[in-house]
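Below are my notes, point by point, to read alongside the model.

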Amino acid sequence: MGFYLIKRILMMIPILLGVTIISFGVMKLAPGDPTSRWTDLNPNMNKEAIDRIIQHYGLDKPWYVQYGKWLRNMVELDFGRSFASDNRPVIDKIVERIPITLLINVLSLILILITAIPIGVMSAVKRSSLFDRGTTVFVFLGFSIPSFWLALLLMILFGVKLEILPISGMRSIGFAELSLPGQVLDVAKHLVLPVFVSAFGGLAGMSRYMRSNMLEVIRQDYITTARAKGLDERTVIFKHALRNALMPVITILGLSIPGLIGGGVIFETIFAIPGMGQLFYQSVMGRDYPTIMGILVIGAVLTLLGNLIADLMYSLADPRVRVSS
Amino acid sequence: MRKALLFILPLILFLLTGCGEKDRGSHAASAGEKGEKPAAKAYEPAYGDMMITGTIGDASVLLPVLASDSASFDITGLIYNGLVRYDKDIRLEGELAEKWEISEDKLTIRFHLRKDVKWQDGHPFTAKDVEYTYNLYINPKTPTAYATDFLKVKKEKGFRVLDPYTIEVEYDKPYAPALGSWGQSILPAHLLEGKDVTKSPLTRHPVGTGPYRFVEWKTGEKIVLDSNHDYFEGRPYIDRVLTRIIPDPATQFLELKAGKLDRMSLQPLQYRRQTTTKWFKENFNKYKYLTFSYSYLGYNLSDWKFKDKKVRQALTTAINRESIVEGVLLGLGSVTYTPFKPDTFWNNPNVKKFSYDPEKAKKMLAEAGWVDTDGDGILDKDGKPFEFTIITNQGNDLRKNAAVIIQRDLKAVGIKVSIRVIEWAAFLKNFINKRNFEACLLGWGIGIDPNQIDIWNSKKTGERELNFINYQNPEVDKLLELGASTYDRDERKKYYDKFQEIIAEDQPYTFLFVQDALPIISSRFYGIKPAPAGIGYNFIKWYVPKPLQKYSIQP
């Protein structure tokens, strides 16, 4: 087991290297550069001034030299400074946005799990029933409705008409003056709409997945055996079938780890949430190379870690996997 | 989305100062559909309350020398001061400078600084700060876009500190925009001297001399400023200015409706259709005035089709600009015929207009040799059909929609137009900078100072320079040179009047429109007086009468 772990972790190094080289290359292929915001259509910038700024950022060197320099700093976990005009360390810019993104994504994932799993199980058990069809329509509705549109409708209903929920942002204006429970409640109220909208869209995938797993499992011989033993249906479904059907969910959870620090631009824009999606979008539009690379590297590391954790969890949870490996 | 603001054109907008609220706005700003306030007289100005403003873009850096976006300047404009500023009639007046004298030969300006000014940390303001600011801007290591005006100061001892409250600047040759350029924010020498400004804590915690002082900045969420009780022009009435970053205009509008915002900029549709209810009229005042920017259709004059000015005049005649303002801006803007703002001193209203007349346009095109000889509905000349592509940048629907209307109008006279929308960076790099286009739909900011050499001078046609349509006219070159070196306003105007006549005759651009700014502000704020400069110029005099105050601010 220890050997396996070390092998897996060592394998991550070349993969990461490959990911960064490709990302860096693609990024460099895009036209424009970070100096654009000063130099484009600006009468105040003459040739020398532009060259000076290009040198300032080391953009006059060939791309592999720039990559080498970036990589050397990266090895020491130095993400560098942003090329945007704020010139802040990249790591600060990322770290200040992670908590809110993480909070929304984790809550939304939990909400998805606690609704999608029962929906999936029930749909499978009562296949082709009214419930099955009804939930299918419901989850696909969530999947198809544009999130910005749903968000606006909910804002109008709960924020403007009923006035029971805040419309956007993460904190009220008078947040600092509130007591601790008051602050928690305030944030919770702000989270209701974004978490709901985000979870509603993700419901379809997970519940359909759960449903087909369950259908698969119910057809197995051991379920027939369990029924033949005279176990009641409840035990058959929840003890024998569900446990087995849940196994693939571990893989999905592993794969969703990198997604936890990602955010949708449109979603964050509508709710005025200063999250990772906006940061990444702004960095790409501004050709802020260090920030783009920083976010991509963190994403790549989390993806690889997520896979590893999923595999480990799998072998812990399922004796069959352990035996065969 | 916020980049859309920058698209409008980085030109000159901020050339004059760390402009922000103060210099925005325009001539003939009007209170559009402003609700009457019957009880107005009964209320006395009072201190207190907070104004919550919605903005679509977060500031990027709060040190004006480094900033390049309007969101940052909106904030720093309240925190910093310049030596001079523009008053409500867009005339220069002293700010940190009490008064100034310009020498006989127009080469030297002597500023007398105010003696009663303190930095917000208590340190006194002196000539040393101005000297530091000047040196910072001209330092080649400073990554700033605003050095040009200061670089015109004589290199050798051109900047002289005579005593702690008097400075003198000398120029190599008379330069009319010089005085206005001293509206640039003056930075605190005692906090910045000898340090790398790009890494200074002041980039996120500014300390200025202005009416508001910095309190808090939560990235992507809000920026809080409190009034500076020791401000040298008196304590501002509104205690706190809170700027909320809400990137989506629809969300902003809902927040406004829910009473969580006091002020925002409306979209034309919101202004026309969504804010006309009784409730809105009672609770908000809307304002409307022209912005300092215009949109145009520029022709690549190196392209054989556009070489003949008769053709360009005909194109302008064929385009219904009124219908663009009506259709794209819902009437909230104004057609423009010259590169100046229609309602300002510098504008020449008597230029040739080439008003919409498709029949006349056809005749003009025929005179220039463009006729439909093969009967396919498209004009041709020397066997080549008249078709071209208009390119514009992505992210600006106004431009895209205007291009569609132009396409329709030109089709009516037998010209086939295609439209191509391109991402900003690729648009500039692969098309504009490479001169790889036939016609482009873009916009320029209009500086408060009328200097426009960079756009029209025959020599400014290099790779990244701004005369990318390759306009060549020696007379325009001469007039713009004269304009830039003449101090006397009326004499100066003569040169620009003539310049506008020539530009109107040559039609290197079809000038399209100037958009309206459409702020909406809660009606509990009093003291807002629209003027040629817009509404922001007297911000420190805005107030909320005691009985109407909504928030109480504990400092």
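1. Strands here are DSSP runs of E with at least two residues, helices are runs of H or I with at least four, and both are numbered from the N terminus; two strands count as paired if DSSP finds at least two bridges between them.

2. A word on the basis of all this. The model is predicted, so to speak of a local feature takes pLDDT of at least 70 and side-chain atom pairs count only at pLDDT 80 or more, while totals for chains, interfaces and linings use all residues. Residues are numbered from 1 along each chain as its sequence is written, and chains are lettered from A and ligands numbered from 1 in the order in which they are written.

3. Chain B also has an open sheet of six strands with mixed pairing, in the order β14-β20-β13-β19-β17-β18. At its edges stand β14 (333-335) and β18 (416-422) of chain B; each has a single partner strand, so one side of each lacks a neighbour in the sheet. From one strand to the next, the twist averages 25° (axes are lines fitted to C-alpha atoms, for helices over the stretch in contact, and angles run from 0 to 180 degrees between N-to-C directions).

4. Within that sheet, β13 (residues 289-299) and β19 (residues 439-445) of chain B run antiparallel and are joined by seven bridges. S295(B) stands opposite G443(B) in β19(B). Helix α14 (residues 397-412) of chain B packs on the sheet, touching β13, β17, β18, β19 and β20 of chain B, and its direction makes about 170° with that of β18(B). Contact means C-beta atoms, placed from the backbone, within 7 Å.

5. Over in chain A, helix α14 (residues 289-317) has 29 residues and reaches 41 Å from first C-alpha to last, close to the expected 42 Å (1.5 Å times one less than the number of residues). Its buried residues include Y289(A), P290(A) and L304(A), buried meaning 20 or more other C-beta atoms within 10 Å, exposed 12 or fewer, and partly exposed in between, with C-beta atoms placed from the backbone. Among the elements covering the buried residues of α14(A) are α1 (2-29) and α13 (276-285) of chain A.

How values were computed
Two residues are in contact if their C-beta atoms, placed from the backbone, lie within 7 Å.
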